[in-house]
Amino acid sequence: MNIFLVITGTVVFIAILVVGFLFLKNKKLAKNILDKENEIIGKEKEMNSKMYELAILKELGDRVGYSLDVHQIIDVITGSLHQFIDYSAVSYMIIDPEKILFKIHLEKSVHRGFIDDIRDRMLKSLSALLDREFKNTQVEELISGAILIEAVQEPVKSFFNIPLVIAGKVVGVLTVADTRAGLYKEEQMTILYKITNQASQAVTRLQEVVTTEQGKLNAMVESMTDGIFMTDLDYRILVINPAAKKAIKVSDEKEVTIFDFIDNLGGKFDIRGRLEESVKLKKEYISERILLGERFFQIFVSPVKNLSILGQETVHGGVVIFHDVTSEVEVETLRKDFTSMLVHELRSPLDGIKKISEVLKNKKIVLDDKGHDEYIELIYKNSSTMLDLVNDILDVAKIESGKFSIKKQEGNIVNVIRDRVDFYSIFAKSSSVSLKSSFGVNVPEKVMFDQEGIEHVLNNLISNAIKYTNEKGEVQVVTFFHQGGGNIEEEAKVAGYPLVNLFPAKVTGDEKNSCLVVMVVDNGIGIEEESLGTIFSKFRQLDTKHAVPKKQKGTGLGLVIAKGIIEEHNGHIGVASKIGVGSTFFFTLPLV
Ligand code: ADP
């Protein structure tokens, strides 16, 4: 019995132990399960918030794209906030340059006092954040969502504000409010903070990119020689460069409006009408040449178009370009003047020939042998002048089109120079000018050159020197050998170069190579410094600023051809001159 009791007691004891153990184990298990459940719920909540965060950011990305429009971005945030937070109203207040925009969206019906309360609170917090007093009258209000019901007299009981910060600056506040008390937990506020923060960071980054790009664009526009300005659809000037202001002669500092252009263009160009046409019809427009002050412009007007992601074309305004065509007009005028000058030059000898032929044709006029010979000589002279001119024109045309060629042969350059100096000594004598030639040491006997071409150059330089030198003046042709790397001034001095203070600095283009240098030096009238750069230009003769006495006036083609011939020899041609002192023309022939 006792044993039975002991056994039973033991069994019961064990059973109690087991039950107890199982109970304890189950309790622990239950607690674990509860913990797990809580953990899962927490995780789920966390995931939901994360998903919401991601969803909003994705929506921001999709809908806003690369927009810098803060209103649009906040609209996206507030538009989807109700999925996550409970509220009677969500609102934002943004500072625009000239007003404060207050936009409130009602999820539930509230009374007017509720909105006014939120509006006041937001305005106060904006003032506090920016340390600036804002007035209620500055606020522009926009209400959307549920209707206002005055009977709902519930006040604001839950409320929280988030400052909207872009590029470190507060631009507004975002507010969530409800009629129920104690609604918003820290966790919800944190997420909203995070979202607005991320959006503001994205906008800040984008703004930085836009500012940098705008900076580059502005620098480019500023430095453009063409005048340019852009307007919005209301013809307000958004961008303008200094050249555009210069075109209408307004100072660079002045704030310019479209009216400045309308006033300055007068009746010459209907800028407003053209812009309107261009923007409305999406058409480009190019004007005729327009004279503004003393400059000519061609005006281009075109719409500023933008293609959206959906392929829609929107016009944002118009752009106007003032292209300065003054130099083109000048060249055109010079070309015309040049042609009429040539025609005139040809007409005089032709007229002479015609008149002589008339005399010769007239049987009633009897000429003796002397008279006959004189007439024949006149015909010869006039036709030679004409032929020379026609040949010069043809040569210049060939030089300009790159078709001018020379025939280089080995020859004695010293003989050619002596011959030309001899030829011009009669002309020099008749002008009471002394003409000499001098040669330096080591001048090579044989040089490769185009004899006809070099004779042409010498003719031009020597005849000009005599022509532009007053009576009792001196002209000297100095020829010397320049040793590559040698002292060229010293070499010229040895050769008898007379005008030490007029030695051209850039005689050789390539100091290393040896060459033959020929200088035609005169102590004549000289050339103004500013015309030295254009002396070898075709139209130089037409420049009235540099007019020479009428009887000395030629066609201005001689130096152009001389340059062409020397450059075909791979040589250099140039000049140094001083008014009243004289001129030194030089050319070089490379010695290979
Ligand atoms: P042209 O003598 O037929 O007018 P060129 O081409 O030979 O044409 O010369 C161009 C211009 O250069 C001349 O009209 C003259 O004004 C100037 N010029 C040329 N040589 C001299 C010189 N030795 N002294 C002063 N002026 C010169």
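This is a predicted model: local features need pLDDT of at least 70, side-chain atom pairs count only at pLDDT 80 or more; totals for chains, interfaces and linings use all residues.
Residues are numbered from 1 along each chain as its sequence is written, and side-chain values use heavy atoms, with hydrogens and water left out.

**Exercise 1.** Describe how helix α11 and helix α13 pack.

*Solution.* Step one is to locate the elements: α11 covers residues 451–467 and α13 covers residues 558–568 (helices, H or I, of at least four residues and strands, E, of at least two are DSSP runs, numbered from the N terminus). Step two is the geometry: the angle is about 145 degrees and the axes are 9 Å apart (axes are lines fitted to C-alpha atoms, for helices over the stretch in contact, and angles run from 0 to 180 degrees between N-to-C directions). Step three is the contact, meaning heavy atoms within 4.5 Å: among the residues making it are Ile-454, Val-457 and Leu-461 of α11 and Leu-559, Ile-561 and Ile-565 of α13.

**Exercise 2.** State the strand order of the open sheet and identify its edge strands.

*Solution.* The 5 strands run in the order β12-β14-β15-β17-β16, with mixed pairing (two strands pair if DSSP finds at least two bridges between them). The edges are β12 (434–439) and β16 (573–578), each of which pairs on one side only. From one strand to the next, the twist averages 15 degrees. Next, β16 pairs with β17 (residues 582–590) in the antiparallel sense over 6 bridges; Ile-573 has Phe-587 of β17 as its bridge partner. Finally, α11 packs on this sheet and touches β12, β14, β15 and β17, its direction making about 170 degrees with that of β17.

**Exercise 3.** Which parts does the salt bridge between Glu-294 and Lys-249 tie together?

*Solution.* The distance from N to O is 3.9 Å (a salt bridge is a side-chain nitrogen of Lys or Arg within 4 Å of a carboxyl oxygen of Asp or Glu). Glu-294 lies in the loop between β8 and β9 and Lys-249 in the loop between α5 and α6, so the pair ties together parts 45 residues apart in sequence. Both Glu-294 and Lys-249 are exposed (exposed means over 50% relative accessible area, buried under 20% and partly exposed in between, with a 1.4 Å probe and protein chains only).

**Exercise 4.** Examine the salt bridge of Glu-276 with Lys-280.

*Solution.* The N to O distance is 2.9 Å. Both residues belong to helix α7 (residues 271–281), where being 4 residues apart separates them by about one helical turn. Glu-276 is partly exposed at 28%, whereas Lys-280 is exposed at 62%.
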